[in-house]
Amino acid sequence: MRLTALALTEAVKARALALGFERVAIGPADAITHAQQFTDWLEAGYGEGMDWIGESRDIRLEPARLLPGVRSAVVVALHYGPREDDPSWDVVSRYARGADYHNVMRPRLHVLRDYLIEAAGADSRASLDTSAVLERDLAAAAGLGWIGKNTNLIAPRAGSYFFIGTVLTTAELVADGPVADHCGTCTACLDACPTAAFVAPWVLDARRCLAYLTIEHRGAIADELKPHVADWLFGCDVCQDVCPWNRKTPPAREPALAPRGPLEPLEALLGLDDAAFRARFRGTALFRAKREGLARNAALILGNRGDRAAEPALRRALEDPDEGVRNAAAWALQRLDETR
């Protein structure tokens, strides 16, 4: 039986790499080592606004609820940066500049899942971050990396600029084992956070995180946080950019993750209607922010930049049907007035 498990494990890893994933590791499916920390995080309200996380807490803490009889987790990585992109994309987090990674990874994960079903006769289920799985815990237990103080998974030779995909399976596979935590005494990520969103090492208050505020948050952003949006239209890479382990991170090789041409000027993004937004950003991660969120963020950046040439676009945005956009435009215009 052990030889069969070993042969299957090697075959699964080879299949994952052949599908274009750049790293793969195997771990136990019940290795939820941060269960109490996750529960504490929810109860502290740090995930407020993302109700779907709390609603699926029991499933996240017990993968067997998602796949009865699950024994192993196959965890894969796909790198997304950095690379030499058009400078217009500097306002967008690296992971979101090309095609939506869900559309890139999910079909490949399904192929890997089907391979396990056919090769081992095992029930298997593919999972991305939209599924009720604590993928970082499973990835750390498998040895894909360790969970850093900025809550990202970090690997010694790959940094943290990579997506994680998981296939849960009832097949018996040979686990790789975890890697040691190499953050040491470093606090660069915590110190650099623009909004002081880290309550403590490994504890992120998502309500203050720019990645949450510019993507998931709906409506107006609190006045105290508006200046900290700075130049971030979608997401934030600050806590990864300063991480020493990302100094030699491998560049993305997946063509679908590269942007198609330059990003439109902020004034143009501010003026998009729903139809134009859908036509431009459907199939990309930026679609997640919705038209209102992207326009709101564009207005805040224009205010933070203090560029008076943006005043006409901002005044038009005062008539936007969305209150959050109007609020951002009014704040931005006030900022421009303060620089006269």
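I started with Leu173, which counts as buried because its relative accessibility is 9%, under the 20% cut-off. A reminder to myself: this is a predicted model.

**Leu173 and its surroundings**

I placed Leu173 in the loop between β6 (162-169) and α7 (188-192). Then I asked which residues Leu173 touches, leaving out those up to four places away in sequence. I got Ala5, Leu8, Thr9, Ile26, Ser72 and Val74. I also checked Leu173 against Ala7: they are 166 residues apart in sequence, yet 8.9 Å apart in space, C-alpha to C-alpha.

**Aromatic pairs**

Next I went through the rings. A pair of aromatic rings is described by the distance of the centres and the angle of the planes. With ring centres within 6.5 Å as the rule, I have eleven aromatic pairs.

I looked at Trp146 and Trp245 and asked myself why this pair is edge-to-face. The ring centres are 5.3 Å apart and the planes stand at 80°, and over 60 degrees counts as edge-to-face. Trp146 sits in strand β4 (residues 146-147), while Trp245 is in the loop between α10 (238-241) and α11 (266-270). The two are 99 residues apart, so I noted this pair as a link between distant parts of the chain.

Buried or partly exposed, for each of the two? I have Trp146 as buried, at 3% relative accessibility, and Trp245 as partly exposed, at 30%.

**Charges over rings**

Which rings have a charged end sitting over them? I found Arg23 with its charged end over the ring of Phe162, 4.6 Å from the centre. I also found Arg288 over the ring of Trp52, with its charged end 5.6 Å from the centre.

**α12 against α13**

I came back to α12 for its packing. Two packed helices are described by the angle between their axes and the distance between the axes. The axes of α12 and α13 come within 9 Å and cross at roughly 90°, so I call these two helices roughly perpendicular. On the α12 side the contact is made by Asp274, Phe277 and Phe281. On the α13 side I listed Lys290, Arg291, Glu292 and Leu294. By class, I have three nonpolar residues, no polar ones and four charged ones in the contact of α12 with α13.

**α13 against α15**

How do the axes of α13 (residues 290-305) and α15 (residues 323-338) cross? They come within 8 Å and cross at roughly 5°, so I put α13 and α15 down as roughly parallel to each other. From α13 the contact includes Arg291, Glu292, Ala295, Ala299 and Leu300. From α15 it includes Val325, Ala328, Trp331, Arg335 and Leu336. I sorted the contact of α13 with α15 by class and have ten nonpolar, three polar and four charged residues.

Methods: Residues are numbered from 1 along each chain as its sequence is written. This is a predicted model: local features need pLDDT of at least 70, side-chain atom pairs count only at pLDDT 80 or more; totals for chains, interfaces and linings use all residues. Side-chain values use heavy atoms; hydrogens and water are left out. Rings of Phe, Tyr and Trp (its six-membered ring) pair if their centres lie within 6.5 Å; planes under 30 degrees apart count as stacked, over 60 as edge-to-face and the rest as tilted. Helices (H or I, at least four residues) and strands (E, at least two) are DSSP runs, numbered from the N terminus. Buried means under 20% relative accessible area, exposed over 50%, partly exposed in between (1.4 Å probe, protein chains only). A charge sits over a ring if NZ of Lys or CZ of Arg is within 6 Å of the ring centre and within 35 degrees of the ring normal. Axes are lines fitted to C-alpha atoms, for helices over the stretch in contact, and angles run from 0 to 180 degrees between N-to-C directions. Angles under 35 degrees count as roughly parallel, over 145 as roughly antiparallel, 65 to 115 as roughly perpendicular and the rest as oblique. Contact means heavy atoms within 4.5 Å. Ala, Val, Leu, Ile, Met, Phe, Trp, Tyr, Cys and Pro count as nonpolar, Asp, Glu, Lys and Arg as charged, and the others, Gly among them, as polar.
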